[in-house]
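Hi,

Here's the structure I promised to pass on. Have a look at it first, and then read my notes below.

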Amino acid sequence: MESKKNPEVESKPDYETLDPVSLQKKAAETEHLLRSVVESAPFPIGVYTGREMRISLANHSIMDVWGKGHEVIGKTYHEVLPELADQHIYQQLDDVYTKGIPFHARNQRVDLVVDGKLQPFYFNYSFTPIYNIDGSIYGVMNTAAEVTDIVLAKQKVEQSEQNFKNMILQAPVAMCILTGPDHVVEIVNDLMIELWGKPVETVMNKPVFDALPDAREQGLEALMKQVYETGESFHANERPVELVRKGKLETTYQNFVYEPYKNAEGRILGVLAITINVTEQVMARQKIEEIVAARTKELAEANANLERSNEELAQFAYIASHDLQEPLRKVSIYIQMLENHLSHIDDRSRGYFDKIKTSSARMLSLIRDVLAYSQLSQETETFEAVDINKVIAEISTDFELLIQQTNATIEYSNLPVIEAIPLQMSQLFGNLISNALKFIKPGMAPVITITAEPANSEAVRRLNLREGSYYYFKVADNGIGFNPEKSEQIFNIFQRLHGKKQYQGTGIGLAMCRKIVQNHHGAIYATAEEGNGAVFHIIVPAAHLT
Amino acid sequence: MAVMRILHIDDDEDDHEIFATALSEASTGIELSFIDNARDALQNLMLASQYPDIIFLDLNMPEMNGQQFLMEIKKQDKLKNIPIIILSTSSHKPTIELTREAGAKDFFTKPDKYEDLVKMLKKVLN
């Protein structure tokens, strides 16, 4: 194939006016100048001559790119860079040489063996034909600029953008990117499309609030505008948003974030919107709240009914026992008056009189205990500081005679002062001491021990008591005790474990004790061994719990 | 010994009978009068020329209760110095306290035993 003539070579230097020596000198100078320009150029330059592309000139820069030294001069391009065999480059060079048309490539990947390893590089390069003095092509000049770093960086940015886009598209929550002051939908995932309830083609690349005018009316555009202008993100929690979805107006609840979307320089390009549709959760919670409210109301009503019925019962017990008491008192007195009035009473009649008197006395004490029980309440009573030492001392005085008769001792010291209903504290400890003096072992002097200490919080929790500071009292005796299986039963009203002849009583005392302790928001229980004494445990607040 | 005039105000006639019997056993030289209505008792006393030496007063009565009667008596200069002793079925401490504040001389719960009533009257009158 013939080398083409260079059309640009028109004016030729006036070589005829120079003598051969001068000409030779001139040529040598020109070549030297050319070589030094090429050598010092800061970008790769190579000159390959003949169709075999023999390297006649290669500057440092091109040798660095190839990863080779001066040994390349005089070798063919193919010999030096065999790795380019199937990268079209030989063909490009040959085309330039044979056709005379320069070849330019931009950001072209070229794989070169450098440090013994084939590696990718990127170049902007040119192959340009070089002409003889007669205008025929004798070689190709190769100039290049390595752009590997720039291209790799660009690829990285593109990859990162793609990753970001994929992340949005694949995210398990509704996401979109809205760009510019009109919030044009640039990227949107399926979940967001689903939430909007509009076909994707009606929103894509359009200002979002044109597509969703109802969202605009609810102030969302103003919010987004603010984020776009100020760069401050906005968070909404369970915000009700009404949307026309698939032609139907629906109230949805959304948690969403509007986050400014910025470029590398920090300029705001748009807004990244992330939305979680929490409608179902909110609805479910609202439903639960409604049910809880309804149940609470029902419970409050039931409680009020129960309270009313308790009050009525207490009222009934009070009236019934109060009114029962009167005629019975008269029966009791008249029978005594009758006995006094009769001049002679035989033994049999006296026995009958005694039975009537005993029965009416017992009936009266029953009625009075019921009356006392029904009057136990905490609402009408005032809580005061009560010194339990004094309470026990007073009870000891009340029972003086019985204590003497039974040779009993009541041991106590350093009992606390608590905030309580004074009368009820007397009734509580009075009933317990009365029991301890009643249920004694024959031939054994009763010993009653009363102790107190601050209750530990574990016990308070176990007994389901309210939070607060409590005292733990123990009233222990050395009497007959009781069967531990009956330790709860004994607190029931009218519950008796013994015959009336054996031990007197109405069976109300411990029921009263429990009610008193409950009035004070405390707890009472008993432990015992049959025949080995009983212990009553009382946990009551140090101060009144309102 | 001068006769002691006692007025017993109680709406319950049985209680009056019991009171009168016990009183006769407890003391002598007593002139006992009885009225079953505190309002009438007050009216009578306002018009009376002679006053009782002691009044025994029930509390729970219709029309005018013992507490109201007590307070009215204490407003009248002529009557306020008559000693008034409450004899009621109540043993309610606040009720007792109220009558003391209103000027009652003493308070007794109607006893269950006849002997206790006689003992109480002997103590009050002697």
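Chain B comes out with an average pLDDT of 92, and 99% of its residues score at least 70; pLDDT is the predictor's confidence in each residue, from 0 to 100. Helices (H or I, at least four residues) and strands (E, at least two) are DSSP runs, numbered from the N terminus.

Some housekeeping: this is a predicted model, where local features need pLDDT of at least 70, side-chain atom pairs count only at pLDDT 80 or more, and totals for chains, interfaces and linings use all residues. Residues are numbered from 1 along each chain as its sequence is written, chains are lettered from A and ligands numbered from 1 in the order written, and side-chain values use heavy atoms, with hydrogens and water left out.

Now for where the chains meet. Chain A puts 12 residues into the contact and chain B 14 (contact means heavy atoms within 4.5 Å). There are four salt bridges between chain A and chain B, a salt bridge being a side-chain nitrogen of Lys or Arg within 4 Å of a carboxyl oxygen of Asp or Glu. B:Asp112 makes one with A:Arg368, with 2.6 Å between the closest N and O atoms.

On the side of chain A that touches chain B, helix 11 (279–341) and helix 12 (347–374) of chain A each supply at least two residues. Helix 11 of chain A gives the largest share, 10 residues.

Cheers
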